[in-house]
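Please keep the structure open while reading the points below.

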Amino acid sequence: MPFVDRITNGMSPHRVFALCKLVHYFQHEEMKELTKEKAGDFLQPNALMKEKTQFREVLQFARSGNLVTENEDQVLTTNLTKEDLSSIEHFKRAIIARAIENKELMFWKFTSWYVMRDNRVLNEKTKDLETTFNQELNTEQDATFIYNETNINGWRTWAVFLGYGFLHAGIVLPNLAVRLNNLLIEDHKLQRNQYLPMADFMEWLRGAAPEVDGGTLGEMYRGKSSLSAQHLSLGLSTGLRALHDQNVITLNYVRDARDTWHLTRAPFHEITGQVSQIMIRSEG
């Protein structure tokens, strides 16, 4: 479970990646022990910051998520494989695969809740998100349990990295194009170059990405989302349109189709709202 419930900005994806890669290098390439102190010297030299505050935060994240372990002699080892750390994209997939195993993570609660919200998220400030989220989902009123502005700022960095949107003016614009595209790349059994009923695609998506529309996490943590049956969230709608524009998929609406799905309306896009079919293009 790679996430701590209290993410901060210091626990950034690339810093965690750098730590895990360094530990793996010493463990498997150099065949030498890497202590916590030595790792801190490599990643945050004394000349930059003697306190090593950010290194401690990153190490806390990695240990809590079982990405890195520390023994009684403060020697670090990692549970990630060479393939997991071969690129930032492989690291991203490894993080999601491990994180999704723990459905109670605050990261999934907030991500699913955010994804299932409507256009309001385009205007909500961090304080607004904190208040509304804690009212709808985080019913424990003890301050210990409240997801605060610091945590939400840290969440933004990871949400963008993992493909749930794009950052603009301090707001995560919900757009699942990156997350969807990675799922399509990974699944080699999906039918390609033929139209699928949208219902079949959504059934596949519910299993592949339980944190989004219709998935177990999406439904569990939707809060007071007003989305009705077969109406897709802003994030999923925007992501599908983006992949359509990139020729990764083709969306289509057959007039009077019995099984019609509704994207969040976009009057200036060729796919304004209704879809009934989707074609997944061949890889490459």
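A residue is called buried when its relative accessible area is under 20%, exposed when that area is over 50%, and partly exposed in between. By that criterion Glu 136 is buried, and Arg 117 is buried as well. The model discussed here is predicted, and the points that follow are grouped by topic.

**Helices α4 and α8**

- Helix α4 covers residues 88–99, and its 12 residues should span 16 Å at 1.5 Å a residue, which agrees with the 16 Å that separates its end C-alpha atoms.
- The buried residues of α4 are Phe 91, Lys 92, Ala 94, Ile 95, Ile 96 and Ala 99, and these pack against α1 (13–30), α5 (106–115), α7 (149–162) and α8 (177–186).
- In α8 the buried residues include Ala 177, Arg 179, Leu 180, Asn 182, Leu 183 and Leu 184, and among the elements that cover the buried residues of this helix are α4, α7, α9 (198–208), α11 (234–245), β7 (249–252) and β10 (277–280).

**His 24 in helix α1**

- His 24 is located in helix α1, and because its relative accessible area is 8%, His 24 counts as buried.
- When its neighbours within four places in sequence are left aside, His 24 is in contact with Glu 29, Thr 78, Leu 80, Thr 81, Lys 82 and Leu 85.

**The sheet and the helices packed on it**

- An open sheet of 3 strands runs in the order β6-β10-β7 with antiparallel pairing; its edge strands are β6 (195–197) and β7, each of which pairs on one side only, and the twist from one strand to the next averages 30°.
- Strands β7 and β10 run antiparallel and are joined by 4 bridges, and Leu 251 has Ile 278 in β10 as its bridge partner.
- Helix α9 packs on the sheet, where it touches β6 and β10, and its direction makes about 75° with that of β6.
- Helix α11 also packs on the sheet, touching β7 and β10, with its direction at about 115° to that of β7.

**Salt bridges**

- The structure holds 13 salt bridges; one of them joins Glu 89 to Lys 92, with the closest N and O atoms 3.2 Å apart.
- Both Glu 89 and Lys 92 lie in helix α4, where they are 3 residues apart, or about one turn of the helix. An α-helix has 3.6 residues a turn, so residues three or four places apart point the same way.
- Glu 89 counts as partly exposed because its relative accessibility is 31%, whereas Lys 92, at 7% relative accessibility, counts as buried.
- The side chains of Glu 136 and Arg 117 meet in a salt bridge at 3.8 Å, N to O. Glu 136 lies in helix α6 (residues 126–136) and Arg 117 in the loop between α5 and α6, so this pair ties together parts that are 19 residues apart in sequence.
- Lys 127 forms a salt bridge with Glu 130, in which the closest N and O atoms are 3.1 Å apart, and both residues lie in helix α6, 3 residues apart, about one turn of the helix.

**Aromatic pairs**

- A search of the whole structure finds 20 aromatic pairs, including the tilted pair of Phe 91 and Phe 161, whose centres are 6.4 Å apart and whose planes make 50°.
- This pair links distant parts of the chain, with Phe 91 in helix α4 and Phe 161 in helix α7, 70 residues apart; Phe 91 counts as buried at 0% relative accessibility, and Phe 161 counts as buried at 11%.
- The rings of Tyr 114 and Trp 155 have their centres 5.0 Å apart and their planes at 55°, so this pair is tilted. Tyr 114 lies in helix α5 and Trp 155 in helix α7, so the pair ties together parts that are 41 residues apart in sequence.
- Tyr 114 counts as buried at 4% relative accessibility, and Trp 155 counts as buried at 2%.
- One aromatic cluster is formed by Phe 3, Phe 17, Phe 61, Phe 91, Phe 107, Trp 108, Trp 158, Phe 161 and Tyr 164.

Key:
Residues are numbered from 1 along each chain as its sequence is written. This is a predicted model: local features need pLDDT of at least 70, side-chain atom pairs count only at pLDDT 80 or more; totals for chains, interfaces and linings use all residues. Side-chain values use heavy atoms; hydrogens and water are left out. Helices (H or I, at least four residues) and strands (E, at least two) are DSSP runs, numbered from the N terminus. The expected span of a helix is 1.5 Å times one less than its number of residues. Buried means under 20% relative accessible area, exposed over 50%, partly exposed in between (1.4 Å probe, protein chains only). Contact means heavy atoms within 4.5 Å. Two strands pair if DSSP finds at least two bridges between them. Axes are lines fitted to C-alpha atoms, for helices over the stretch in contact, and angles run from 0 to 180 degrees between N-to-C directions. A salt bridge is a side-chain nitrogen of Lys or Arg within 4 Å of a carboxyl oxygen of Asp or Glu. Rings of Phe, Tyr and Trp (its six-membered ring) pair if their centres lie within 6.5 Å; planes under 30 degrees apart count as stacked, over 60 as edge-to-face and the rest as tilted.
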